[in-house]
Amino acid sequence: MNQVKSVVHWSAASEQGLTGKNIGVAVLDTGIFPHEDFGNRLLAFQDMVARKNAPYDDNGHGTHISAIIGGSGAASEGKYQGMAPECNIINIKVLDQRGNGFASDVLAGLSWIRSHREEYGIRIVNISVGSFSRKGMTENSLLVRGVNAAWDDGLVVVVAAGNNGPGRMTITTPGISRKVITVGCSDDYKEVQVSGNRMVDYSGRGPTVACVRKPDVVAPGSQIVSCKNAQGLYQSKSGTSMSTPIVSGAIALLLQKYPEMTNRDVKLKIRESSADLGLPHNQQGWGLLDIEKLLW
């Protein structure tokens, strides 16, 4: 959104005419409401929960995430525009109206994405979803194997660090994967409402159980305004769920400029361009996402 772009030097993208055009971003979440800010760029919708055909979002989280990535700002005259306002959105509903779900549905969604990536031009997968059950915190867990398979197919997989901080080893699964780009919140020092609770210093911290340093990068996540699951309306939400699509949207801009980049190239470019905040690596990763340097 506009207030986020100023933090991460959005002008670099607008000056270069980068909007994410023709880059497909798949979002695994609670679904999507066909808000006017998506126009005709919602290329596909798959419902792994109730098997419905028409796009819907009975929670609102998935619509909010999708618009942070690619909302046009049409209903707000450009005030609340997403990071890549001309990218294509492919939405897969894997969570129910309460934001809960099964690993099997997430895995089915990942499998669908891998099977349809060429058809819809999918380059990026955004997963603002995570589990914090101790038995699933190993790299051999099904969710980690699922995102690793998508990464191995060449997709850029961007995953939330979760909101269980500030203790050590609080990165949620599948963010513990050493392959994917795991995103924490850069401004979790602000006390905000996260999933109905007042929270501060909530961003998941590493290392993982396997001693992998995480997160990889941080981005703003406090009180981000984006589309509501109702026509023409917007709402504010907070958490690493909101930080993650900021990074996914920035990557859509990067891939528009350099379409030949591999997912490994993208991860390296983020590492090289992030701004060091002077915080421990297991809190900030490589630092704050800096779009100006990313798109250099």
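Student: What should I keep in mind before I start?

Tutor: Residues are numbered from 1 along each chain as its sequence is written. The model is predicted, so local features need pLDDT of at least 70 and side-chain atom pairs count only at pLDDT 80 or more, while totals for chains, interfaces and linings use all residues; side-chain values use heavy atoms, with hydrogens and water left out.

Student: In what order do the strands of the open sheet stand?

Tutor: Strands (E, at least two residues) and helices (H or I, at least four) are DSSP runs numbered from the N terminus. Two strands pair if DSSP finds at least two bridges between them. Here seven strands form an open sheet with parallel pairing, in the order β2-β3-β1-β4-β5-β6-β9. Because β2 (42-47) and β9 (217-219) each have a single partner strand, one side of each is left without a neighbour in the sheet.

Student: Which strand is joined to β2 by five bridges?

Tutor: That is β3 (residues 88-93), which runs parallel to β2. As one example, A44 has I90 in β3 as its bridge partner.

Student: Which way do the residues of β5 point?

Tutor: In a regular strand the side chains alternate between the two faces of the sheet. In β5, V156, V158 and A160 point one way, and V157 and V159 the other way. Five of the five residues of β5 are buried, meaning under 20% relative accessible area with a 1.4 Å probe, protein chains only.

Student: How many bridges join β5 to β4, and how many to β6?

Tutor: Four bridges join β4 to β5, and V125 stands opposite V157. Three bridges join β5 to β6, where I181 is the bridge partner of V158.

Student: How do I read the packing of helices α4 and α5?

Tutor: Two packed helices are described by the angle between their axes and the distance between the axes. Axes are lines fitted to C-alpha atoms, for helices over the stretch in contact, and angles run from 0 to 180 degrees between N-to-C directions. Helix α4 (residues 103-120) and helix α5 (residues 142-152) pack at about 10°, with axes 10 Å apart. That makes α4 roughly parallel to α5, a label for angles under 35 degrees.

Student: Which residues make the contact between α4 and α5?

Tutor: Contact means heavy atoms within 4.5 Å. From α4 they include L107 and R114, and from α5 they include L143 and V147.

Definitions and conventions:
Buried < 20%, exposed > 50% of the residue type's maximum accessible area, 1.4 Å probe, protein only. Parallel < 35°, antiparallel > 145°, perpendicular 65-115°, else oblique.
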